[in-house]
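Here is a short report for a reader meeting this structure for the first time. Take a look at the model, then read on.

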Amino acid sequence: MIFIDACFGKHTDYTPVWMMRQAGRYLPEYMKVREQAGDFLSLCKDYKKASEVTLQPVDILGVDAAIMFSDILVVPLEMGMNLKFVKGEGPVFENPIKSMEDLDKLSTEKAIKNLDYVYDTIKLTRDKLAKDKALIGFCGAPWTIATYMIEGGSTKTYNISKKMVYDNPQLLHAILRKVTNALKLYLEEQIKAGVDAVQIFDSWASALEESAYMEFGFSYINEIVDFLKERYAHIAVIVFPKGISGFLSKITGKFDVFGVDWSTPLKNAKEILGKNYVLQGNMEPTRLYNKDAIDDGVSEILSIMRGSRHIFNLGHGILPDVPVENAKYFIKLVQEKSAKYCK
């Protein structure tokens with residue numbers, strides 16, 4: 001698989017490319033299946049439909065890897081929290097964690113068992129996916145998941161979570177510990193079900209200052225990475241902590257690939273991390289609105305990464321109103337243009 005070869009720094013004939021959120025709302029085919037499912041969570045739990053939308057970007061766009069369709073919040077959901085998706089508001093937990101008593105009600109064992117629909121999605125997808133295409137599993141990072149559990153949903157200030165960093169760090173560490181333990185086993189089950197790589201998304205990494213992030217964020221990511229690498233060295237592990245360009249020099253671990261978000265200058269990431277890790281990313285997602293912008297963005301990134309280990313991706317997820325034609329153009333352009341650089 002060209003994607004897995006690239007994850008381990010091996011030579012490839014072109015730079016493999018996929019997109020975060022590639023199975024999503026910009027595809028009419030996805031919207032049709034989601035409508036059939038009834039709502040987002042129902043789609044996540046219907047393994048046949050989840051597998052169908054996982055495969056759509058491979059068939060329609062020609063990406064080099066599929067990423068299983070699910071959501072990072074199914075873990076706290078199946079641990080016992082009451083999750084719903086509210087139109088215009090996003091995910092909402094009706095019973096946010098405020099105390100150790102609240103945390104004690106949640107079950108790691110229950111979550112791992114109840115997430116069987118994710119493992120069934122993986123098994124069915126791997127069976128249908130072309131052998132030369134990689135299947136990526138994923139989870140949210142402990143810090144990002146914890147913010148939702150504590151705040152009760154999305155937030156712009158993270159004030160409840162960040163207050164806990166300084167006012168009640170013992171409770172925050174307890175939450176992170178329980179989530180981390182669940183994520184280790186969750187990713188292990190994904191691997192057993194058939195994924196070839198896993199990515200850990202830390203979407204809210206930038207909410208914390210450097211010292212706090214290393215203690216409450218990246219240390220728990222590394223614990224998950226160490227757990228996986230000790231048991232499944234053949235599985236590629238990708239980390240994606242968004243918005244931490246100011247302290248890249250502090251990033252280290254046994255992971256294989258570091259995802260670079262669009263706000264981080266790729267040259268800086270290459271200078272600091274490129275010798276030790278394969279870099280993934282980092283084209284600005286809104287460039288996909290315009291083909292000339294796509295041309296410029298692809299050319300610049302390929303030029304920066306020429307001769308270096310790289311997987312092409314956007315610097316965050318594809319947006320729901322991007323024209324499908326432009327997404328196809330982007331994927332094909334990367335594959336064809338990078339082939340000239342890889343000779």
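This is a predicted model: local features need pLDDT of at least 70, side-chain atom pairs count only at pLDDT 80 or more; totals for chains, interfaces and linings use all residues.

Start with helix H10, residues 159–167, and helix H11, residues 169–193. Their axes come within 6 Å. They cross at roughly 115 degrees.

H10 brings Ser161, Met164, Val165, Tyr166 and Asp167 to the contact. H11 brings Pro169, Leu171, Leu172 and Ile175. By class, that makes 7 nonpolar residues, 1 polar and 1 charged.

## The annotated binding site

An unreviewed UniProt entry carries the annotation "binding site". The annotation covers Arg21, Gln22, Ala23, Gly24, Arg25, Asp71, Tyr148, Ser203 and His316. These positions spread over 296 residues of sequence. They are spread in space as well, with up to 23.0 Å between C-alpha atoms.

Where do they sit on the model? The lining of the largest pocket takes in Arg21, Gln22, Ala23, Gly24 and Arg25 from this set. Asp71, Tyr148, Ser203 and His316 belong to that lining too.

## Asp71

Asp71 is one of the annotated positions. It lies in a loop, with strand S1 (65–67) on one side and helix H5 (74–79) on the other. Is Asp71 buried or exposed? Its relative accessible area is 18%, so Asp71 counts as buried, the cut-off being under 20%.

Beyond residues up to four places away in sequence, Asp71 touches Phe40, Cys44, Phe85 and Phe138. Its side chain also reaches the backbone nitrogen of Leu73, at 2.8 Å.

## Ser203

Ser203 is another position in the annotation. The loop that holds Ser203 runs between strand S5 (197–202) and helix H12 (210–231). Ser203 has 17% relative accessibility and therefore counts as buried.

Which residues does Ser203 contact, leaving aside neighbours within four places in sequence? They are Thr144 and Lys242.

## The domain entries

UniProt, again in an unreviewed entry, lists residues 16–25 and 136–152 for "domain: Uroporphyrinogen decarboxylase (URO-D)". Residues 16–25 are 0% helix and 0% strand. The end C-alpha atoms of that span are 23 Å apart.

Residues 136–152 are 59% helix and 29% strand. Here the end C-alpha atoms lie 28 Å apart.

Definitions and conventions: Residues are numbered from 1 along each chain as its sequence is written. Side-chain values use heavy atoms; hydrogens and water are left out. Axes are lines fitted to C-alpha atoms, for helices over the stretch in contact, and angles run from 0 to 180 degrees between N-to-C directions. Helices (H or I, at least four residues) and strands (E, at least two) are DSSP runs, numbered from the N terminus. Contact means heavy atoms within 4.5 Å. Ala, Val, Leu, Ile, Met, Phe, Trp, Tyr, Cys and Pro count as nonpolar, Asp, Glu, Lys and Arg as charged, and the others, Gly among them, as polar. UniProt positions are given in the numbering used here, feature names are shortened, and annotations may be inferred rather than shown by experiment. On a 1 Å grid over the protein atoms alone, a cavity is a set of points where a 1.4 Å probe fits but cannot get out, and a pocket is an open set with protein on both sides within 12 Å along at least five of seven lines; lining residues have an atom within 4 Å of a point. Buried means under 20% relative accessible area, exposed over 50%, partly exposed in between (1.4 Å probe, protein chains only). A polar contact is a pair of N or O atoms within 3.5 Å; within protein, one must be able to donate a hydrogen and the other to accept it, and residues adjacent in sequence count only if both atoms are side-chain atoms.
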